[in-house]
Amino acid sequence: MDDNLRILVFTDLHSEIIDNAEKRVDSIINSAKANYVDLIINIGDFGYHGNTSESLCEEENQPVNYNIFYSQKSNKYMLRTRELLDKFDDLNLPILHTLGNHDMDFNSKETAVEDYGMINNYYYYDIKNFRIIVLDTNYYLDENNNEISYKFGNNFNQKNKAVLPYEQVEWLKIAVETEKNLIICSHNVLNDDPRGIGNHQVVDDILNNTGKKILALSGHKHIDKLTIKDNLSFLEVNSVSYYWLGEDKKVNTNYPADYLKEHPVLPYILRYPDPLYAIISLENEDVTVKGRGRDISLSEEEKEKIDNPNVTSKMKDYKF
């Protein structure tokens, strides 16, 4: 029926960091088949798209994970990303990609768009009685209020919040003019969250003015959280792979030295035992989310280094 849609949504695989990315992608693909979804949505940060030798980020501004990869000056992460993306080719299902901030760590935005096979860095896709609008929130304002697009890690040289640029704001006003139900995808959450976008109120007003209940999907924060405000349901989708503990929160691990040499960022993450994603069923404006995953026992060291109540190794079920 045209009023029903089933999607598999995932985000933040980070194939450059996680040690079993292929198994996690295989799980996504197998679940998409088993649940007979209509399409798959990736909300960004799948992996690296360039050689890690090319950077516009000053070394003193490089996060620890970025610096580790930059020092390697390798194309193996780019090749891994492309191999994993190729796995989706035989599915015979639409897959909609969203750009995440790390998709431009060592390359241009145009390269990431090409790798993903996107028609543009922002776009919409109509399926049945639904319009899925994909936004690109990977911009910041410089000291002169110029909109600067993320590329080659330039965003790490400043501390300003991400923004949705004027061009996309104006385009969004037109894109929402449809009788179809609306789903919005963006890597950054579109509400007043500290890690959201600086001009969220302008975007939220456009969406609320449609008079429709709208599902807004995001990733970026590696947490599982649902916030409903006015007509907007903000579902923050957990990472497929892990929670980032922090630059200064490296933990002791039991990984062998040669394994850590191949996967050097593992001591900085809370690694999820199961690949996380959600099957979302929509019937007109009603939404049912089927999550997955299991609780894990945390060490005292890990507990001390987690400062967010929404950190979990699961995606919960929701109905709203």
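Author: Here is how some of the labels on this structure come about. It is a predicted model, so to speak: local features need pLDDT of at least 70, side-chain atom pairs count only at pLDDT 80 or more, and totals for chains, interfaces and linings use all residues. Residues are numbered from 1 along each chain as its sequence is written, and side-chain values use heavy atoms, with hydrogens and water left out.

Reader: Why is Asp224 called buried?

Author: Buried means under 20% relative accessible area, exposed over 50%, and partly exposed in between (1.4 Å probe, protein chains only). Asp224 has a relative accessible area of 0%, so buried it is. Asp224 sits in the loop between strand S9 (214-218) and strand S10 (225-229); helices (H or I, at least four residues) and strands (E, at least two) are DSSP runs, numbered from the N terminus.

Reader: What makes the pairing of Asp224 and Tyr318 a polar contact?

Author: The cut-off is a pair of N or O atoms within 3.5 Å; within protein, one must be able to donate a hydrogen and the other to accept it, and residues adjacent in sequence count only if both atoms are side-chain atoms. The side chains of Asp224 and Tyr318 come in at 3.0 Å, which makes this a polar contact. The Asp224 side chain also reaches the backbone nitrogen of Lys316, at 2.8 Å.

Reader: How do you know that Asp26 and Lys87 form a salt bridge?

Author: That takes a side-chain nitrogen of Lys or Arg within 4 Å of a carboxyl oxygen of Asp or Glu. For Asp26 and Lys87 the N to O distance is 2.8 Å, so the pair qualifies. Asp26 lies in helix H1 (residues 21-34) and Lys87 in the loop between H3 and S3, so parts 61 residues apart in sequence are tied together. Glu22 joins Asp26 and Lys87 in a network of salt bridges.

Reader: Why are the buried residues of H4 said to be on the same side?

Author: The buried residues of H4 (residues 109-116) are Lys109, Ala112, Val113, Asp115 and Tyr116. They cover an arc of only 160° around the axis (taken from the directions from the helix axis to the C-beta atoms), which puts them on the same side of H4. Exposed Glu110 and Glu114 are on the face turned away from that buried side.
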